[in-house]
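Trainee: I would like to learn how to read the contacts between chains in a model like this one. Could we go through it together?

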Amino acid sequence: MPKVIPVPDALSTPFWDAVNEKRLSLQYCTACRKLQYPPQQSCQVCASAAHLEWKDVNGRGHIATYIVIEDGRLNRRMPDQPYNLAMVTLDEDPTVNFYSNLPGTPPYAVPVGAPVEVVFEEVAPGQLIHEWRVIP
Amino acid sequence: MATQSQYSWRRDKDGLGVWEHRGKVAVAGVGHSPVDRRWDGVSMDQTLGAYTILACQRAMQEAGVTLDQVDGIICCQSHIAGASGGSASQWAPRPYFAPPYDSEWGLTLINAEWLIKQMQFPNIRYAPDNVPTISEMVGLAAQAVGDGLCHTCLVIYPTGNLEGRYRRGGENADDYARGARQWTVPWGNHGGNDFINIFPHNQYCLKYGGTHDDLAPFVVNQHRNGLLTPWGFNATHDIPQLTIEDYVSSRYILNPLRLWDCDRPVNASAAYLFTTAERARDMQQPPVYVLNHAQHNFRQRTTQPDLDEIEMWTDRAARRMYEGAGLGPQDVDIFNPYDGYATMTQFFLEAFQWHGVKRGEAFAFYAGDIRVEGPHPFCSSGGNLGNGRTRTAMYTDSIEQLRGTAGARQVTVRAETALAAFTTPSSGGWIMFGKHPS
Amino acid sequence: MARLISFDIDGTLEVGDPPGYITMEMVRRAKELGYIIGSCSDRTVSNQQRIWMAHDISVAFTVLKHQLPLVKAEFSAEQYYHIGDTNIDQHYAERAGFAFLYPDTSVDHLWFPH
């Protein structure tokens, strides 16, 4: 079933443009050498925007933990229940994490600790989102 | 009237030292309205506005204070469910009623202006707008009285709900995720502390051992304490005592978060009378002194806070509170942390090290004797889980325990200090009360 | 073979919170018509049983909302119905192979003699 569609704004447009090109590109402060996601107005370490740029990451991560949504409140996703919602940490920087429904992994059968790789799913014509798939 | 946003009242930084007004401000009155599940849309004596007026009257009556003696009104004017509250949070587009119910004010929202007009307070000199939720509002009141902006202040927390359900419709009915929601909603996180805390809770179980259902004794005890709270929803609606079996057989909401880990939305209001310690001593109830208030607003570093962050945040909030009160874990007699979801309370317990509970020890503590009459009367209020989502039981019970008027909930251990909060690990505030000013 | 009706309580029965369309008289009548009846609710089982006792109605089952498969396993029926007012009622009903009905006039046909 269709997922809820993200609406890019001025800050996030570069991120979503990259996703639509099937690239995972995160903000990176060259001064602090710190990736951050979601994007923010300034670096979360030095509070400056002066050294923020976008950097493609390799899209590898690990499943830290997960839940199964059985009774959520999003109208659009109710037909999908139950479905997985995992917290995925980025291998390049495990303090960066993402949500994922883990396409291809049945509900309740999530291998916590397993490696995952980023994949891209269409949620609307011309709009992809980043998802994560367990690496067999 | 002052706008509180221009007033620097928060104690939201580390290293502020002992609060300058420690023991000089007191709570002198408490008032609760009936606690309903919803509003029937017909009974005008049961609107959020009517209930708020009633709560104020009860607080003033308890203190022995008249309308003309009140010079401050601090009233939270935000929806408890926010923009995703849908028709539970907004009466429109249904037709309004005759004044004073000819807008959302009085039906789903209350502010100082509406209240002052309806109750005809003649001498209000401090009634800020942009008032935060009760987690911070009690701190604002304590600071305002301490600083002399007012001397006798009603602190009012209306928790409205028209339908007895939250976050149905509104933003959650949208096919699009805008703003901050673009990072969470596409994957199913509708936004709330149910999600925020369940992931760290899972990590907690992995790190320290235990399972989610180790929360069962805590939740059951909250229900027990709620049934001992005469004004609470459970006690006034004949809700049977929850058992361990009821808990572990209940369905999942966000597996492993169970139905009974979640509080019950209600339509109710509460009021507290804050005043100077001097004035409080001449009022009808034994004063309950404010020893410190502290706030926190920690920014998460990525999509989902993890266990490390939750522990770091709660540790910092605890240090901040203890420093400002000039006290330590061994000094806290009554401990009423928030239980809005059962999955967050353990983090507060361990951060504040109440009764010596350290990181990873909460589940074993829950399995022990935490009854209100026992040696470790944890959450003597019953919180939201035991009373409905008023977010005020923690404060009322703390005050009553120190007064010695908690009735069937009165603890048998020493009751001279109390720590209370509606707060989440990331943002909110704490307040420390004392039976004595120093 | 008999047919079975499972009733949600809150938002469905008149004694629920909020009150719903189905009166207790309708429940009694369903039993008289030969339906196997019971409740399926988020209320605890003891709470559900208390309601039925208070109204002097003997029911065949009292289960939690996600336990309709247990009802189906225990009772053989020609048709299984669950009447409830939320999407979760529908979700669990359909997963268990029950026909889901919303508590309004659309359920009245169940009370026509069959």
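Trainee: What is the mean pLDDT of chain C?

Mentor: Start with confidence, since where pLDDT is low, the predicted coordinates should not be read in detail. This is a predicted model, and in chain C the mean pLDDT is 96, with 98% of the residues at 70 or more. The scores for the model are ipTM 0.98 and pTM 0.96.

Trainee: Now the contact of chain B with chain A. How many residues does each chain give?

Mentor: Chain B gives 42 residues and chain A gives 46. Then turn to area: about 3,800 Å² is buried between these two chains, 55% of it on carbon and sulfur atoms. On the chain B side, the residues that lose the most area to chain A are B:Trp183, B:Trp187 and B:Phe199, which together make up 22% of what that side buries.

Trainee: And which polar features cross from chain B to chain A?

Mentor: There are 27 residue pairs in polar contact across that interface, counting pairs with both residues at pLDDT 80 or more. Elements of chain B that each give two or more residues to this side are β4 (176-177), α4 (193-208) and β5 (252-255). The largest share, seven residues, comes from α4(B). By class, this side of chain B has 18 nonpolar, 13 polar and 11 charged residues.

Trainee: How many salt bridges are there between chain B and chain A?

Mentor: Two. A:Arg76 and B:Asp175 meet in a salt bridge, with N to O at 3.1 Å.

Trainee: Do look at the strands with me, too. Which way do β5 of chain A and β5(B) run?

Mentor: Strand β5 of chain A (residues 60-69) and β5(B) run antiparallel and are joined by two bridges. To find a bridge on screen, go to A:Ile69, whose partner in β5(B) is B:Leu254.

Trainee: Which residue forms a salt bridge with C:Arg50?

Mentor: That is B:Asp238, with the closest N and O atoms 3.6 Å apart. The count between chain B and chain C is three salt bridges.

Note on methods. Residues are numbered from 1 along each chain as its sequence is written. Chains are lettered from A and ligands numbered from 1 in the order in which they are written. This is a predicted model: local features need pLDDT of at least 70, side-chain atom pairs count only at pLDDT 80 or more; totals for chains, interfaces and linings use all residues. Side-chain values use heavy atoms; hydrogens and water are left out. pLDDT is the predictor's confidence in each residue, from 0 to 100. Contact means heavy atoms within 4.5 Å. Buried area is the accessible area (1.4 Å probe) that two parts lose on being put together, summed over both. A salt bridge is a side-chain nitrogen of Lys or Arg within 4 Å of a carboxyl oxygen of Asp or Glu. A polar contact is a pair of N or O atoms within 3.5 Å; within protein, one must be able to donate a hydrogen and the other to accept it, and residues adjacent in sequence count only if both atoms are side-chain atoms. Helices (H or I, at least four residues) and strands (E, at least two) are DSSP runs, numbered from the N terminus. Ala, Val, Leu, Ile, Met, Phe, Trp, Tyr, Cys and Pro count as nonpolar, Asp, Glu, Lys and Arg as charged, and the others, Gly among them, as polar. Two strands pair if DSSP finds at least two bridges between them.
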